[in-house]
Amino acid sequence: MKTKQLKISRVSAPDSGNKSAIALRRCPILFHPMESGEKIKRGCGHMGMRSGHGAWRCFYCGHYIYRNEQDLSSLWFHFKLGREFWRGITLGGRDYVNGVPVVGQAEELPAVLLGDLKEVRPPRWFAAYMVLDDPRFKKYVETLNL
């Protein structure tokens, strides 16, 4: 008995206006240096980057590359999504993020703003948070009178 090999291919109808369904880009391999001196690799080098809402995402490794021309609502969505996995606490005078000790302050948002993370639309302070450094943002929050 002879077995056949299954072959899968993507075929697009010439008159469908669908140019190979999805335009893919090559996922760049990037190395990010950490404060400890360790280098973290991001990207896989495969042709798997697909354009999505607000970012390019790789099918193979999940690497994200955010676009520069983001609207505030899209940035707020990604910020909130990232904050779901961010747990900054201070115990015994040491700061921890997700259980890992860090140098510096674990929670960068003032406590009065943490309640806004439940909002669907970006609050008025978020635009300033995106462009100001930490000391200037803290001064900005003091002027809000919350």
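Phe79, Gly82, Arg83, Phe85, Trp86, Val97, Asn98 and Glu108 line the largest pocket of this predicted model. The volume of the pocket is about 170 Å³. Helix α1, residues 72–83, gives the largest share of the lining, with 3 residues. By kind, the lining residues divide into 4 nonpolar, 2 polar and 2 charged.

Helix α3 spans residues 134–144, and Phe137, Val141 and Leu144 are buried in this helix. Viewed down the axis of α3, these buried residues fall within an arc of 50°, so they line one face of the helix. The face of α3 turned away from the buried side carries Pro135, Lys139, Glu142 and Thr143, which are exposed. The cover over the buried residues of α3 includes helix α2, residues 126–131. Just after α3 comes Asn145, which has a positive phi of about 55°.

| Side of α3 | Residues |
|---|---|
| Buried | Phe137, Val141, Leu144 |
| Exposed, turned away from the buried side | Pro135, Lys139, Glu142, Thr143 |

Another buried residue is found in a loop. His63 lies between strands β5 (55–58) and β6 (64–66). His63 has a relative accessible area of 9%. Buried means under 20%, so His63 counts as buried. Leaving out residues up to four places away in sequence, His63 touches Cys27, Pro28, Leu30, Arg42, Gly43, Met49, Trp56, Arg57 and Cys58.

How values were computed. Residues are numbered from 1 along each chain as its sequence is written. This is a predicted model: local features need pLDDT of at least 70, side-chain atom pairs count only at pLDDT 80 or more; totals for chains, interfaces and linings use all residues. Side-chain values use heavy atoms; hydrogens and water are left out. On a 1 Å grid over the protein atoms alone, a cavity is a set of points where a 1.4 Å probe fits but cannot get out, and a pocket is an open set with protein on both sides within 12 Å along at least five of seven lines; lining residues have an atom within 4 Å of a point. Grid points are joined across faces, edges and corners, and a volume is the space filled by probe spheres set on the points. Helices (H or I, at least four residues) and strands (E, at least two) are DSSP runs, numbered from the N terminus. Ala, Val, Leu, Ile, Met, Phe, Trp, Tyr, Cys and Pro count as nonpolar, Asp, Glu, Lys and Arg as charged, and the others, Gly among them, as polar. Buried means under 20% relative accessible area, exposed over 50%, partly exposed in between (1.4 Å probe, protein chains only). The arc is that of the directions from the helix axis to the C-beta atoms. Contact means heavy atoms within 4.5 Å.
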